[in-house]
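Good morning, and thank you for joining.

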Amino acid sequence: MANIKLTNINKSYGSHHIIKDVNLDIKSGEFIVFVGPSGCGKSTLLRSISGLDQVSSGTLEIDNAVVNDVPPSKRGIAMVFQSYALYPHMSVFENIGFALENQGLPRAEIKQKVEAVGELLQLTSYLTRLPKALSGGQRQRVAIGRAIVRGAKVFLFDEPLSNLDAALRVQMRMEIAKLKRDLPNTTMVYVTHDQVEAMTMADRIVVLQAGKVMQVGTPMELYENPNSVFVAGFIGSPKMNFITGKPAEKLKAKTIGVRPEHFEFSKTATDISGTLDYTEILGSDSFLYVSTSTGMLTVREPGRTQFKTGQKLNLKPIAEHVHRFGVDDQRLK
Amino acid sequence: MLKRFSLEPSRIALNLAVLLIIALWTFPTAGLLISSLRDKNDIAASGWWTALSSANVNKKTHLKDMVDQVEKDGKFTISGNVFEGADAVSGKVSAFGTKVQAPGENAAGASAALDGGQSLVVNPDGSYVLSSPTAFTADNSGIRVFYIASQPPRFTLDNYQTVLFSEGIGRSFINSLTVTIPSTIIPILIAAFAAYALAWMKLPFRGLIIAIIVGLLVVPLQMSLIPLLKLYNAAGTFMGAPSKTYLGIWLAHTGFGLPFAIYLLRSYIAGLPKDLIESAQIDGANDFKIFRRVVLPLCFPALASFAIFQFLWVWNDLLVAIVFLGSGPDQLVLTGKLNALLGSRGGNWEILTASAFVTIIVPLTVFFSLQRYFVRGLLAGSVKGG
C-alpha cells in the first residue's frame, strides 16, 4: 500500500524546463496512466518518481514519506523499461532473482520466490534460458517478473508494450490488467502515448502536454467531459471533430467539439453540410469523411453505410453531446 | 540465390585484399615453422619450400681396402655399403662415379669399368661390389667413389631441444611470461574500474579527466622513459628496493598501457544500454555490484581485445625491458635474447628460426584463443532488436 503525492514538481535540464509545476495525488492501489504526445514530459515525470532523475524543485512523497533524496532502490518501486533492460548474460532465473540477491536473501528463499513468480507469469520452463532465447512477449514477462518478485509497493511502467507487435500488445495489455487484479494493493504508474492503452487499463488518466498536467480523471470522465480542446482531441479514436465559425457561434462558443458517433443525418439542409469524400467500412462501423466548409469531419455510422462517395450529406450534432470551448480553448460551463 | 554469387567489383576487391593479407601473414609464419623443424644441413642446402621434396646431395667415400677382399671362383671382390662410415648420410643412391669431375657418371645399379679390368657396381640402397680378376693390392684398393644420394625430407625437433635447453631460450621464455602476464592483468584491473567510473558515475571534473587521459594517449613512450626510470630509481632507493626488478617493469608497462586501456574500455562501457544500468540501480545494486555483475561480464569482448593488444605489445617489447630489467639470464626477456643470439649465432639458421618460432607461439595462442570475443555479440537479447 503506497500512495504517491507530487507537489509543485519542476524538472529542468539546463535551460529546458521539462516538467512545469505538476501537482498530482495518486491513491494507494490505483492504476494511473500518464498519456500525452511524445516530448510532453511523461517519461521524465515517471523517471522522477523512480528516482533515476532528480526533481529540480517540489516535493515527492511515496507512502507519505518525502523521497526527494532517497535513491531509487530505497523507494520501494519497481520499474519495467520500454527496452525490457534484461541482463543479457544472466538466465531468466538470475534476471528475476537479481534484486533479491542484492537484498542479501538466502539462496533457498530466492529460489522459492523466483519460482513462484515464474509460475505466475508462465515462465517456469524458461527459467534457465538466456534472454536472447526468448520471444518479445516472454522478455516482457521476465521484465514484469523482476518487478513482481521484489514485492514493490509501486510499479512504474515506461511504455512497456511499444516494442511489441499489435496482436501481442493486446495480449500483454490483458496480462497487465490481470496482474493489476492479482495485486490490488500495488500502485501502478504506466506511461504510454497510446490512448487506447490508457482508456482500457487506467483507473485514472493523467493527460500531459508540454510538461503540464492538462486533466486528470477516469477514462470516461475524460471522454465525456474533456476540459480543453487538447484533451478532447487526444482522447478518443477517431479524433473528435472541432467546428469553428457559424455553428459554434450559434452556441456561444469559439469552437465546438463533436465526436464522430454524435452526428445525425438530416434530410433538410443544416449548418454543417458537405460531400462524402471517402468511406472506411470496418464491418461493425463505417467511418465517413465529409468535406465541409469548416473542414474535414469524421462521422461514425454503425454497420455498413449506404451512402456513396460524392453524395451530399447534411450533418446535425446531437445537442447533449456537443462540447463547447471558449477562446482560451478551455471548456465552457 | 544467384545474386549472392554475383561478382560485384567491391566484393572482388575485398576478397582479394583478404587473400593478400592471409598470404602475407601465412607464408612467413609457415616458412619459419618449417625451417625450424628441418635439419641444419638441409636449411643450408635448400629453401623451406623444398622441404617436402627429396634433396640430392653429392657425397664421396672411400671403399674398403684389400684387407676385406674375398676370393671366389678366381675372382676377387670387395663389397660394402657407401652409407657406412663416419660421414655417412641416409637415402638412395641415384648415380655414382670415380672421378671428381663426373660424380654422376654411372646410374645406380649399372656396372662401371675401372682400370685394370676392375668393375664397380653401386646399388640404389648403397651396397656396392668391386670386383677384379686379380687380387687387390695396396695400390689399387681403397679407391674413392663419388655418388649422388637423394635424401627423403627429414624433420626434427632437435633445433627446439637445442634452443630451449642449451641456448637459454627456455629461461628467457619464462622471463617473458613473468613480465607479460602481470603487465597485462594489472592495467586491465585498474582500467576497468576507471572506465566504469568515467562512464557511469557522477564525478566532479569527469570530462576533464577523460580529456587528460585521451591526451596521455599521444605521449611518446621514449619521451617519458628516462624520467620514469629516474623516478622509479629514486623511489626505489628511498624505499630500499633494488633498481632492476620485475615489479619495476610491471609498473612501467601498466603506466604505459593505462591510457589506452581506459580509453578503449570507457567507450565500450559507455555504449552499454542506459536502461541496463538503471535497471540494476532500481534492483538495489550499488556501483560496485553493477560493475561486477552487469558491466564486467558484458564488456568481456573489450577486455579481451585490450588484453590481446597489451599482451602482444609487452611480449614484443624490447625497449622498456632493456631499460627496466637487467641482462642476466634470470631477467633477459625473449626479445633481448633473440637480439643477443642474432649477434652470437647469426649464421645458425636452425637456432634463429626455432628461437623465433618459440617467440611467436605465445602471441599466436593468445590471439586464437581470444579472437572469438571480437565477433561474438554478447548484447544479443538484452534490448529491443538485440
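Chain B contains 14 helices and nine strands. Please bear in mind that this is a predicted model. For the 386 residues of chain B, the globule rule gives 21 Å, whereas the radius of gyration is 33 Å, well over that value, so the chain is more spread out than a compact globule. Along the principal axes, the C-alpha atoms of chain B fill a box of roughly 110 × 70 × 35 Å. Of the 386 residues in chain B, 31% are buried. Among contacts in chain B with a separation of 6 or more, 72% are between residues 24 or more positions apart.

I turn now to the backbone of chain A.

Where does A:Ala85 lie? A:Ala85 is in the loop that runs between β6 (77-80) and α2 (92-102) of chain A. Although not a glycine, A:Ala85 has a positive phi of about 50°.

A:Gln122 is likewise not a glycine, and has a positive phi of about 55°. The loop that holds A:Gln122 is between α3 (107-120) and α4 (136-149) of chain A.

Are these two residues, A:Ala85 and A:Gln122, buried or exposed? A:Ala85 has 28 other C-beta atoms within 10 Å and is therefore buried, the cut-off being 20 or more. A:Gln122 has 11 such atoms within 10 Å and is therefore exposed, the cut-off being 12 or fewer.

Finally, the peptide bond. From A:Ser237 to A:Pro238 the bond is cis, with omega near 0°. A:Pro238 is found in the loop between α8 (229-234) and β11 (241-244) of chain A.

Conventions
Residues numbered from 1 in each chain as written. Chains lettered and ligands numbered in written order. Predicted model: local features only at pLDDT ≥ 70, side-chain atom pairs only at ≥ 80, totals over all residues. Helix = DSSP H or I, 4+ residues; strand = E, 2+ residues; numbered from the N terminus. Rg over C-alpha atoms; globule rule 2.2 N^0.38 Å. Contact = placed C-beta atoms within 7 Å.
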